[in-house]
Amino acid sequence: MEPTSNKVPKHIAIILDGNRRFAKRLMMKPWKGHEWGEKKVEELLEWCKDLNIKELTLYTFSLENFNRPKEEFDHLMKIFRKGFIRVKEDKRIQENNIRINFIGHIEMFPKDVADAMFELREKTKNNSKHIINFAMAYGGQDEIIEAVKKIARKVKTENLSPEEIDKKTFEDHLYMKDSPDMIIRTGGEKRSSDFLPYQSAYSEWFYVEK
């Protein structure tokens, strides 16, 4: 039985936090926490499908995460590389009509990781029943600055008048237009960490210890 539509949010966003601290408590290397986190994300995708969640946005890798120790960074790239290739070959993506987007500076990743993301986005671009957005090399303030730059270029080169700039104009130049109904942060921290500052203006925020 499908859940009652008026009780289920259409768009959920999640800050995936706490993997390293979880691994540290178990006295294991940080990337072990990321490996367990990847498995939990796979479960999460199934839960969202069962609940008929239309759109899911995951804060997966921030711009600041590029400053992580090299050994941890390399393990994260390995997880991303294998994970995105596996998803691309997963028949359930097409069977369930899932579109996968990436928001952020994908070009900053190692070429093979970036290529895997571009290929996955291209392969699923015509799917429409469910949408999964991975925020990769993402920063909310950076997104807003990039939108302002794009609009400024249009004012300069395409005869766009400053008086014509409105909410729709601005949103059309963001990485993502849609606003989450609910944002969840795992791991116990209570801050937004530069995640969707514009889109989250009216979102419900939930901070959980898990």
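## Basis of the model

The model is predicted: local features need pLDDT of at least 70, side-chain atom pairs count only at pLDDT 80 or more, and totals for chains, interfaces and linings use all residues. Residues are numbered from 1 along each chain as its sequence is written, and side-chain values use heavy atoms, with hydrogens and water left out.

## Overall make-up

The protein contains 7 helices and 6 strands. Helices (H or I, at least four residues) and strands (E, at least two) are DSSP runs, numbered from the N terminus. Read from that end, the order of elements is β-α-α-β-α-α-β-α-β-α-α-β-β.

Of the 210 residues, 40% are buried. Buried means under 20% relative accessible area, exposed over 50%, and partly exposed in between (1.4 Å probe, protein chains only).

A contact means heavy atoms within 4.5 Å. Among contacts between residues at least 6 apart in sequence, 71% join residues at least 24 apart.

## The sheet

Strands of a sheet pair through backbone hydrogen bonds, either parallel or antiparallel. Here 6 strands form an open sheet in the order β3-β4-β2-β1-β5-β6, with parallel pairing. At its edges are β3 (98–103) and β6 (204–207), each pairing on one side only. From one strand to the next, the twist averages 20 degrees. Two strands pair if DSSP finds at least two bridges between them.

Strands β1 (residues 11–15) and β2 (residues 55–62) run parallel and are joined by 5 bridges. Ile15 has Tyr59 in β2 as its bridge partner.

Helix α3 (residues 70–88) has 19 residues, which should span 27 Å at 1.5 Å a residue; its end C-alpha atoms are 27 Å apart, which agrees. The expected span is 1.5 Å times one less than the number of residues. Buried in α3 are Glu72, Phe73, Leu76, Met77, Ile79, Phe80, Gly83 and Phe84. These residues lie on the same side of α3 because they cover an arc of only 160 degrees around the axis. The arc is that of the directions from the helix axis to the C-beta atoms. Lys70 and Lys82 are exposed, on the face of α3 turned away from its buried side.

Helix α5 (residues 111–124) lies across β3 and β4 (130–138), at about 140 degrees to β3. Axes are lines fitted to C-alpha atoms, for helices over the stretch in contact, and angles run from 0 to 180 degrees between N-to-C directions. The buried residues of α5 are Val113, Ala114, Ala116, Met117, Leu120 and Thr124. Seen down the axis, they fall within an arc of 160 degrees, so they line one face of α5. They pack against α3, α4 (91–95), β3 and β4.

## Two residues

His11 belongs to strand β1 and is buried, with a relative accessible area of 3%. Not counting residues up to four places away in sequence, the residues that His11 touches include Glu55, Leu56, Thr57, Asn133 and Met176.

Gln141 lies in helix α6 (residues 140–157) and is exposed, with a relative accessible area of 57%. With residues up to four places away in sequence not counted, Gln141 touches Asp194 and Pro197. Gln141 and Asp194 are 53 residues apart along the chain, and their C-alpha atoms are separated by 6.6 Å.
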